[in-house]
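The following exercises are to be worked with the sequence and the model at hand. Each task is followed by a solution in steps.

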Amino acid sequence: MTSAAAYLNGYLLIAALLFSLGLFAVLTRRNAIAVLIGVELMLNAANLNLVAFAQFDPYRLGGQVAALLVIVLAVCEAALALAIVLNLYDRLQTVNVDEVESLRL
């Protein structure tokens, strides 16, 4: 195994661990904020993979540009989701996703 492949395997292992932790948080947590944190962990795992694979790109821009796009989308997603959570808390006094039975407020 070459040293570049060893570095890639390390990045992929860390990304898989990060994605697993995010998925675990999304599936087990009932708090909407914790679910959002889990989604952000999964997006960061995808970014880590994109940057790791960019090491093998001869132009070295494809992975970084894609990672930047994912970061921008994650910021938009977080802002929108936090606005929804704040609105839910303002109206229902809870952020537990099990207690929110209807989206009609």
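**Exercise 1.** Is N47 buried or exposed? Locate the residue and identify its contacts.

*Solution.* The model is a predicted one. Next, consider its accessibility: the relative accessible area of N47 is 9%, and the cut-off for burial is under 20%, so N47 is buried. Finally, list the partners: leaving aside residues up to four places away in sequence, N47 touches A67, V70 and I71.

**Exercise 2.** Describe how α2 and α3 are arranged and which residues make their contact.

*Solution.* For α2 and helix α3 (residues 62-92), the axes come within 9 Å and cross at roughly 175°. Angles over 145 degrees count as roughly antiparallel, and therefore α2 is roughly antiparallel to α3. Then assign the residues. On the side of α2, the contact is made by A32, I33, L36, V39, E40, L43, N47, L50, V51 and A54. On the side of α3, the contributors are G63, Q64, A66, A67, V70, I71, A74, E77, A78, A81, L82 and V85. By class, the residues of this contact divide into 17 nonpolar, three polar and two charged.

**Exercise 3.** Carry out the corresponding analysis for α1 and α2, including the handedness of the crossing.

*Solution.* The axes of helix α1 (residues 3-28) and helix α2 (residues 32-54) come within 7 Å, with a crossing angle of roughly 165°. Because of this angle, α1 is roughly antiparallel to α2. The crossing of the two helices is left-handed. From α1, the contact draws on L8, Y11, L12, I14, A15, L18, F19, L21, G22, L23, A25 and V26. From α2, the contact draws on A34, V35, G38, V39, L41, M42, N44, A45, L48, N49, A52 and F53. The residues of this contact divide into 20 nonpolar, four polar and no charged.

**Exercise 4.** Which residues does M42 touch, beyond those up to four places away in sequence?

*Solution.* M42 lies in helix α2. Its relative accessibility is 15%, so M42 counts as buried. With residues up to four places away in sequence excluded, M42 touches F19, G22, L23 and V26.

**Exercise 5.** How does the radius of gyration of the protein relate to the globule rule?

*Solution.* Start from the secondary structure, which comes to three helices and zero strands. The elements run α-α-α from the N terminus on. The radius of gyration is 17 Å, well over the 13 Å that the globule rule gives for 105 residues, so the protein is more spread out than a compact globule. Along the principal axes, the C-alpha atoms fill a box of roughly 55 × 25 × 15 Å. Of the 105 residues, 22% count as buried. Among the contacts with a separation of 6 or more, 54% come from residues 24 or more positions apart.

Key
Residues are numbered from 1 along each chain as its sequence is written. This is a predicted model: local features need pLDDT of at least 70, side-chain atom pairs count only at pLDDT 80 or more; totals for chains, interfaces and linings use all residues. Side-chain values use heavy atoms; hydrogens and water are left out. Axes are lines fitted to C-alpha atoms, for helices over the stretch in contact, and angles run from 0 to 180 degrees between N-to-C directions. Helices (H or I, at least four residues) and strands (E, at least two) are DSSP runs, numbered from the N terminus. Angles under 35 degrees count as roughly parallel, over 145 as roughly antiparallel, 65 to 115 as roughly perpendicular and the rest as oblique. A crossing is left-handed if the near helix is turned anticlockwise from the far one by less than a right angle, and right-handed if clockwise. Contact means heavy atoms within 4.5 Å. Ala, Val, Leu, Ile, Met, Phe, Trp, Tyr, Cys and Pro count as nonpolar, Asp, Glu, Lys and Arg as charged, and the others, Gly among them, as polar. The radius of gyration is taken over C-alpha atoms; the globule rule is 2.2 Å times the number of residues to the power 0.38. Buried means under 20% relative accessible area, exposed over 50%, partly exposed in between (1.4 Å probe, protein chains only).
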